[in-house]
Amino acid sequence: MADVDAGKLTELAIEVAREAGSLAVRRRAVGVDVAATKSTPTDVVTAVDREAEELIHGRLLAARPDDGVLGEEGASVAGTSGVTWVIDPIDGTVNYLYGLPTYAVSIAAEVNGEVVAGAVVNPASGETWWATRGEGAFLDGVRIRISGETRLDHALVGTGFGYAAERRAVQAQVLTEVIVKVRDIRRAGAAAIDICNVACGRLDAVYERGLNPWDYAAGLLIATEAGARAGGLDGAAPSPEFVLAATPGIFDGLHDLLSGLDAARG
Ligand code: IPD
């Protein structure tokens with residue numbers, strides 16, 4: 001895979017994510033309905049999630065026919081090139097359904113399992129974050145850095161909740177312990193944007209149990225390229241089990257708090 005140009009993968013991710021974002025905005029203007037539900041009756045899929053995923057899938061494979069795709073709504077194929085695209089056509093589907101302007105198209109490219117390129121577009125704000133491994137992170141073309149926060153009790157921390165009531169009960173319990181030790185909590189409703197907000201200093205940290213790779217793949221590359229530290233709990237890599245991304249100054253404190261609360265249970 002030595003001949004993969006990660007910068008070109010980033011350019012493609014940006015272009016396709018913006019196109020899917022424009023589609024989402026156009027469809028939103030005429031109204032959006034729930035097409036199906038997934039893990040629970042409130043874990044919804046709209047027709048636009050599917051249409052946007054098909055568009056992304058089609059554009060990526062038209063440009064790079066031998067690549068693989070892993071998509072939230074199931075448009076997945078195994079490739080032969082060693083490059084796999086990890087795509088979320090609409091992260092923050094519930095926000096999208098309700099007309100809240102915090103949702104994202106997220107596209108990451110993995111080469112032999114390592115994310116090397118990523119783009120996250122918020123179509124409602126018009127913002128695009130992107131990064132190529134080793135080349136820094138950008139928001140609309142301007143290089144971004146995490147905040148300089150070093151105090152956990154001054155940290156603005158994003159988090160989110162799964163769809164299943166049993167998991168939420170645990171997440172809510174954990175939250176009651178975290179909220180009294182930080183500046184405040186934000187729940188924006190789109191993990192990809194939460195993670196990008198750490199990258200550009202709008203949040204100091206983000207954590208969540210139970211995200212899927214398409215929620216965090218692009219965002220974590222962008223956040224780490226902007227200086228964030230990312231991991232799971234107790235030395236694990238970020239995974240669906242647990243994702244934590246924070247400024248290096250507060251990572252250990254928040255990690256130890258969450259680990260002590262056994263925040264990856266449930
Ligand atoms: C959800 C959002 C939300 C997070 C949930 C995710 P979806 O993704 O990222 O912020 O808290 O855990 O499932 O369902 O809108 O693509």
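Predicted model: local features only at pLDDT ≥ 70, side-chain atom pairs only at ≥ 80, totals over all residues.

1. The largest cavity. About 60 Å³ lies within the largest cavity. A search of the whole structure, with a threshold of 30 Å³ or more, returns one cavity.

2. Lining of the cavity. The residues that line the largest cavity are Thr159, Gly160, Gln171, Val174, Tyr207, Glu208, Arg209, Phe242 and Ala263. S12 makes the greatest contribution, with three residues. By class, the cavity lining comprises four nonpolar, three polar and two charged residues.

3. The largest pocket. How much space lies in the largest pocket? The volume is about 630 Å³. A total of 31 residues line this pocket, and those nearest its centre are Asp43, Phe161, Gly162, Tyr163 and Glu208. Glu208 is also listed in the lining of the largest cavity.

4. Elements around the largest pocket. Several helices and strands supply at least two residues each to the lining of the largest pocket. The helices are H3 (93–98), H4 (165–178), H5 (191–199) and H6 (213–225), and the strands are S4 and S12 (205–209). In terms of residue class, the lining has twelve charged, ten nonpolar and nine polar members.

5. Placement of the ligand. Where does the ligand sit? The ligand is found in the largest pocket. Its shell consists of 16 residues, of which Asp91, Gly92, Thr93, Tyr163 and Glu208 are the closest. Tyr163 and Glu208 were also named among the residues nearest the centre of the pocket.

6. Composition of the ligand shell. Strand S4 (residues 83–91) provides the largest share of the shell, namely three residues. The shell divides into six nonpolar, six charged and four polar residues.

7. From the backbone, an N or O atom of alanine 191 is 2.9 Å from an oxygen atom of the ligand, and a polar backbone atom of glycine 189 is 3.2 Å from a ligand oxygen. The ligand taken alone exposes 380 Å², and the protein buries 94% of that area.

8. The second largest pocket. A further open space, the second largest pocket, has a volume of about 250 Å³. It is lined by 14 residues, and the closest to its centre are Val115, Tyr216, Ala217, Leu220 and Pro238. Both strand S6 (114–122) and H6 supply at least two residues of this lining.

9. Which element gives the largest share of the lining of the second largest pocket? H6 does, with six residues. The lining of the second largest pocket comprises nine nonpolar, three charged and two polar residues. H6 is also one of the elements that supply at least two residues to the lining of the largest pocket.

How values were computed:
Residues numbered from 1 in each chain as written. Heavy atoms only, no water. Near = heavy atom within 4 Å. Polar contact = N/O pair within 3.5 Å; in protein donor to acceptor, adjacent residues only side chain to side chain. Areas by Shrake-Rupley, 256 points an atom, 1.4 Å probe, with all protein chains shown as cover. 1 Å grid on protein atoms, 1.4 Å probe; cavity = no way out; pocket = protein on both sides within 12 Å on 5 of 7 lines; lining within 4 Å. Sits in = over half its atoms within 2 Å of the grid points. Helix = DSSP H or I, 4+ residues; strand = E, 2+ residues; numbered from the N terminus. Nonpolar A, V, L, I, M, F, W, Y, C, P; charged D, E, K, R; others polar. Points joined across faces, edges and corners; volume = space filled by probe spheres on them.
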